[in-house]
Amino acid sequence: MAVSADSAADSPRRVLVLGGVDPSGGAGITLDALVVAAHGAHALPIVLALTAQNRRGFRGCDPVAPARWRAALDAVLDDGPVHAVKVGLAGDAANVRAVAAAVAALPRDVPVVVDPVPRSIVVLAVLGARVTVPEPALMAKPLCRRKLSE
């Protein structure tokens, strides 16, 4: 993986955005990419889950298989450095484990922001912080060694 927190000063910062797609555009990696762009950085969206939802409610979620999104992630990482990571909805336990492994492989100076989605098992916020998480998410705790204080 060609990943580094260093880059040329004239290149836009590259922010890896992992999460679910909200077809209404009001959340998920769609909104994350807009926020990243608004701050002058370049979003690298990796879809972990496809959701069926709109402004009035959530109807369902289908996780993307780790091998599928991991191929996209590897291609993005081979293309240049990542300067920050934002993690959202993972969709299932297999994706939590795969995201934890991917985050652990990044250089320790790359900041990671975890946005725990309610009722989701993507609570990588247990990266050393004391947080209250839904019971199924506790499986993610031993998977992450990165500390929020680092």
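**Note on the sheet, its crossover and the salt bridges**

1. Strands E4 and E5 (residues 112-114) run parallel and are joined by three bridges, where strands are DSSP runs of E with at least two residues and helices are runs of H or I with at least four, both numbered from the N terminus. Val 87 has Val 114 as its bridge partner in E5. Between these two strands the chain passes through helix H3 (residues 93-105), and this β-α-β crossover is right-handed, in the sense that, with the strands pointing away from the viewer, the path from the first strand over the helix to the second runs clockwise.

2. The model is predicted, so local features need pLDDT of at least 70 and side-chain atom pairs count only at pLDDT 80 or more, whereas totals for chains, interfaces and linings use all residues. Residues are numbered from 1 along each chain as its sequence is written, and side-chain values use heavy atoms, with hydrogens and water left out.

3. The protein has three helices and five strands, arranged along the sequence as β-α-β-β-α-β-α-β. The five strands form an open sheet with mixed pairing in the order E3-E2-E1-E4-E5, two strands being counted as paired if DSSP finds at least two bridges between them. Strand E3 (57-63) and E5 are the edge strands, each pairing on one side only. On average, neighbouring strands of the sheet are turned by 25 degrees against each other, direction ignored; axes here are lines fitted to C-alpha atoms, for helices over the stretch in contact, and angles run from 0 to 180 degrees between N-to-C directions.

4. E1 pairs in the parallel sense with strand E2 (residues 42-54) over eight bridges, and four bridges join E1 to E4, also in parallel. Leu 16 takes part in both pairings, standing opposite Leu 44 in E2 and having Val 85 as its bridge partner in E4. Helix H2 lies across E1 and E2 and runs at about 160 degrees to E2.

5. Three salt bridges are present, each defined as a side-chain nitrogen of Lys or Arg within 4 Å of a carboxyl oxygen of Asp or Glu. In one of them, Asp 79 pairs with Arg 14, with the closest N and O atoms 3.9 Å apart. Because Asp 79 lies in the loop between helix H2 (66-78) and strand E4 (84-87) and Arg 14 in strand E1 (residues 14-21), this pair ties together parts that are 65 residues apart in sequence. Asp 79 is exposed at 60% relative accessibility, while Arg 14 is buried at 12%; buried means under 20% relative accessible area, exposed over 50%, and partly exposed in between (1.4 Å probe, protein chains only).

6. Asp 32 and Lys 86 form a salt bridge at 3.0 Å, N to O, which links helix H1 (residues 28-38) to strand E4 across 54 residues. Asp 32 is buried at 15% relative accessibility, and Lys 86 is buried at 16%. Arg 70 and Asp 74 form another salt bridge, with the closest N and O atoms 2.9 Å apart; they are four residues apart in helix H2 and so separated by about one helical turn. Arg 70 is partly exposed at 21%, as is Asp 74 at 29%.

7. For the protein as a whole, buried residues make up 39% of the 150 residues. Among contacts with a separation of 6 or more, 68% are between residues 24 or more positions apart, a contact meaning heavy atoms within 4.5 Å.
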